[in-house]
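I opened the file to look up helix packing and the nonpolar core. My entries are below the structure.

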Amino acid sequence: MIAWLAWLCLAPLLVLADGFLLERLPARLDLSLAVVVCAAFACRSATLPGLLLTLALARAALTGGGLAAQYLALALPVAVVRPLRAVFDEGSFWLRALVAPALAAALPALLDVFARLGGEPVDSLPVSTKDLITAAIVAPCLAALLERTPPLSAFALRARRRRSKGDS
């Protein structure tokens with residue numbers, strides 16, 4: 001319960017930090033993308049709807065686009081990428097580095113499509129080649145950091161496996 005309350009407080013802060021860093025860094029550092037990569041590869045399936053809904057609520061309140069459009073834009077890529085965990089090693093940095101640029105290109109495009117379908121105004125940022133290269137390098141590192149730090153570490157598969165073996 002404490003992890004959920006902490007995530008409810010942290011998700012808006014991640015969106016605010018994302019906007020703050022967007023203006024100050026030469027390359028786009030997408031923290032929402034890192035959360036999506038973390039959710040797709042490291043989080044338990046039962047926790048995904050709540051995690052993505054909280055992030056979508058924070059993004060909708062702070063950046064616009066509507067809650068439904070934000071949720072669908074975040075959840076659809078996670079649903080597409082999740083089966084890769086069964087085929088490849090879920091902790092593989094290289095798999096995350098290959099998937100991150102595709103997700104970086106898909107998130108704004110999906111948000112734009114779903115926002116137009118819902119009739120909500122949204123101003124999505126164009127994705128450049130530099131943004132895709134940055135996403136391939138930075139997003140997997142940030143996702144690894146997020147899955148090892150609270151509150152997202154409480155939702156990770158490794159935490160559950162550790163508890164099931166009896167190790168604390």
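I am working from a predicted model, in which local features need pLDDT of at least 70, side-chain atom pairs count only at pLDDT 80 or more, and totals for chains, interfaces and linings use all residues. Residues are numbered from 1 along each chain as its sequence is written, and side-chain values use heavy atoms, with hydrogens and water left out.

Entry 1. I looked up α1 (residues 2-24) and α2 (residues 31-41), which pack at about 135° with axes 8 Å apart. Helices here are DSSP runs (H or I, at least four residues), numbered from the N terminus; axes are lines fitted to C-alpha atoms over the stretch in contact, and angles run from 0 to 180 degrees between N-to-C directions. W7, L14, A17 and D18 of α1 meet L31, S32 and V35 of α2, with contact meaning heavy atoms within 4.5 Å.

Entry 2. Of its 41 residues, W7 and L33 touch the most other members. I noted that α2 gives the most to this core, ten residues. Beyond four places in sequence, L33 contacts A100, L103, A104, L107, A135 and A139.

Entry 3. In α4, I found A69, Q70, A73, L74, A75, P77, V78 and V81 buried. Their cover includes α2, α3, α5 and α6.

Notes. Helices (H or I, at least four residues) and strands (E, at least two) are DSSP runs, numbered from the N terminus. A nonpolar core is a set of buried Ala, Val, Leu, Ile, Met, Phe, Trp, Tyr and Cys residues joined through side-chain atoms within 4.5 Å. Buried means under 20% relative accessible area, exposed over 50%, partly exposed in between (1.4 Å probe, protein chains only).
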